[in-house]
Amino acid sequence: MLGATASPHLSPPYLYSNPYSFQDRKQFLIKLQKCKSIKQAAPIHAHIIKNGNKNDPFILFELLRVCSRSCSIEYASKIFRKTSNPNVFLYTAFIDVFISSGAYSDGIRTYFQMVRDFILPDNYIIPLVLKACGSALDLNSGEQIHCQAMKLGLCSDRFVRLKLVELYGKCGEFSDAKRMFDEMPQRDVVASTVMISCYLDHGLVRKAMDEFWLVSTKDNVCWTAMIDGLARNGEMNMALELFREMQMEGVKPNEVTIVCVLSACAQLGALELGKWVHSYVEKYNIEVNHIVGSALVNMYSRCGDIDEAASLFEDLEARDVTTYNSMIVGYALNGKSTEAIKIFQRLIRDGIKPTSITFSAVLNACSHGGLVDIGFDIFESMKTEYGIERRIEHYGCMVDLLGRVGRLQEAYDFIQRANIAPDNIIWGSLLSACRIHKNFELGERVAKILMEYGAADSGTYILLSNVYASLGKFKEAAQVRAKLREEGVQKEPGCSSIEVKNEIHEFLLGDIRHPEREAIYNKLKELDDMLKSEDYAPETDVISQDIEEHEKKWALSIHSERLAICYGLISTKPCTTIRVVKSLRVCNDCHSVIKLISKITQRRIVVRDRNRFHHFENGVCSCGDYW
């Protein structure tokens, strides 16, 4: 919740006799408050026990706070089990350990145990356990606690009511959430931010925006919640526009805002705007810690400027596993497999423990580089050396790796032997490899597996349709398309975007909405004429419809990425790099055409599709024609 609804400060227990000197207690409390982990607190705890002070509620309270900071449920449970007659304050601290560790259900169960033990809840523990109910989406328990709060006369407490708004909002009960919100005597920016965030969590962008504009005085937390929610709901342009309005209102962003905006820039491929945000960070001395640093590395790499990402990574003073992951992912996406593996090896040398995400990134890099032996070594090391369970995405990388080098039957056998149920992404990866390597027999078998198990998405149907079309089996291709419609599978429309002068321009297939459409289509025709001199022959076999040849050629020529590139050619200076982001995979024909366009125009063209980056330069692509 972006800090808008932080729980009230846990108060220490009181009304206990003092078994030893105030000075001793004070020294122990000061030492415990400085501890960041149980490892640091354990020797102090041992000293406390040795001195016979183990039952001091103040000490126990502070020990549980250390457990909360370090998410140490096991240690906290041992302390609590040995505590005689715990009061509401110690229960509050114990439940906070569960919530900090994400064990929300355990925290809720502990609360109800407290009630069964006839310990009266107060206005500190009620908001805490309501937060757990909201996070666990446990509406039933939340309603019971709401009733208890009403009986105890606690519903007028501001923190209790805020958490009730959050509970009902997170559980999708917006009529109850709005009622709680409207009944608040002080509906300040914090309460409004809670309501806005709940709407955004459920994708109700319009309702969130309506509530947002009703807030008279918005702080940076409110602005950030709205920007973050828009980005999470795919409204990147709106998120960036709101960030601009935030600047105009004179509200200074914090590091969380910066991370949200950089994320939107990364997803849109808005490099120039991302650079501006970077300069803003430097101008206003916003700390480039490992969180902001990771976001900057991610932004540059996902906008195709991998060299700047690498330079920034080297300049960072603070690096953690997240920062390393961002760099490994960036290198993998941009086809720099060797560099990605070197960063992975450096992470290990620096004594940083890799995560599941680290292995997904480095295995993806091995896949893009066709590095089979290294890939399998890293895959095997996950469990044997690092104790990390292999997930579906790790198996998917290995299938993609085997598929890239043409070892299709081996990839099929690997799936069959896997200790995990394959999903549509794994089978789709193998299906794509079968198409590239023209193993249509295995490809048809894989596609039928997908459809039989109901795991096929629109991309699978279209891929199978294209396989049939490549073989000249237009009847079968039409049947697959018909089944796609019958099954109600929605075909995702392809969309390409390009950033020019800090504005994002989007194009669909055959788009005629752009104000400069006439110039764009003139450039398209000019390029078509130039392509003929390069002996370009359209790959019309990828068109599954049984239509005339000239219609197939036209259908290919108006793909969204070509329109975006044409706009880039007419609206940017010669020799500058053109950067395009496409929502789907680039088709074979467009890939061939863009290689030729880069050669003809002497432009470097960077295209980010659903799978990876393609850096086109002088007729060659960085992907090696496999993607």
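Predicted model: local features only at pLDDT ≥ 70, side-chain atom pairs only at ≥ 80, totals over all residues.
In which kind of crossing, right-handed or left-handed, does helix 31 pass helix 32?

## The whole protein

Let's start with the overall picture. The secondary structure comes to 32 helices and six strands. Taken along the principal axes, the C-alpha atoms fill a box of roughly 95 × 55 × 50 Å. Of the 627 residues in the protein, 52% are buried. If you consider contacts between residues at least 6 apart in sequence, 65% of them join residues at least 24 apart.

## Two pairs of helices

Back to the opening question: helix 31 passes helix 32 in a right-handed crossing. Helix 31 covers residues 560-571 and helix 32 covers residues 588-601. Their axes come within 11 Å and cross at roughly 15°. Angles under 35 degrees count as roughly parallel, and helix 31 and helix 32 are therefore roughly parallel to each other.

Which residues meet here? On the side of helix 31 you can look for Glu561, Arg562, Ile565 and Leu569. On the side of helix 32, their partners are Asp589, Cys590, Val593, Ile594, Ile597 and Thr601.

Now turn to helix 15 (residues 255-268) and helix 16, whose axes are 9 Å apart and pack at an angle of about 160°. Angles over 145 degrees count as roughly antiparallel, so this pair is described as roughly antiparallel. Helix 15 passes helix 16 in a left-handed crossing. From helix 15, the contact uses Ile258, Val261, Leu262 and Cys265, while helix 16 brings Leu273, Gly274, Val277, Tyr280 and Val281. Eight of these contact residues are nonpolar, one is polar and none is charged.

Here are the two pairs side by side.

| Helix pair | Axis distance and angle |
|---|---|
| Helix 15 and helix 16 | 9 Å, about 160° |

## Two covered helices

How many of the 13 residues of helix 19 are buried? The count is eleven, so helix 19 is described as mostly covered. Among the buried ones are Val321, Tyr324, Met327, Ile328 and Leu333. What covers them includes helix 17 (290-302), helix 18 (306-315), helix 20 (337-349), helix 21 (356-369) and strand 5 (613-617). The length of helix 19 can be checked too: at 1.5 Å a residue it should span 18 Å, and its end C-alpha atoms are 18 Å apart, which agrees.

Helix 9 (residues 158-170) also has 13 residues, and it reaches 18 Å from its first C-alpha to its last, close to the 18 Å expected. Helix 9 is mostly covered, with ten residues buried. The buried residues include Leu162, Leu164, Val165 and Leu167, and also Arg161, Lys163 and Glu166. Helix 7 (125-136), helix 8 (139-151), helix 10 (174-182) and helix 11 (189-201) are included in what covers them.

Is valine 362 buried or exposed? With a relative accessible area of 0%, valine 362 is buried. This valine lies in helix 21. Leaving aside neighbours within four places in sequence, valine 362 is in contact with Ile328, Ile341, Phe344 and Ile378. Its C-alpha atom is 16 Å from that of arginine 302, which is 60 residues away along the chain.

Aspartate 182 is found in helix 10. At 38% relative accessibility, aspartate 182 counts as partly exposed. The C-alpha atoms of aspartate 182 and alanine 103 are 31 Å apart, and 79 residues separate the two along the chain.

Finally, look at two asparagines in loops. Asparagine 285 sits between helix 16 (271-283) and helix 17. At 68% relative accessibility, asparagine 285 counts as exposed. Although not a glycine, asparagine 285 has a positive phi of about 55°. Asparagine 618 has a positive phi of about 50°, and is not a glycine either. You will find asparagine 618 in the loop between strand 5 and strand 6 (620-621).

Conventions: Residues numbered from 1 in each chain as written. Heavy atoms only, no water. Axes fitted to C-alpha atoms, helices over the stretch in contact; angles between N-to-C directions. Helix = DSSP H or I, 4+ residues; strand = E, 2+ residues; numbered from the N terminus. Parallel < 35°, antiparallel > 145°, perpendicular 65-115°, else oblique. Left-handed = near helix turned anticlockwise from the far one by under 90°. Contact = heavy atoms within 4.5 Å. Expected span 1.5 Å × (residues − 1). Buried < 20%, exposed > 50% of the residue type's maximum accessible area, 1.4 Å probe, protein only. Nonpolar A, V, L, I, M, F, W, Y, C, P; charged D, E, K, R; others polar.
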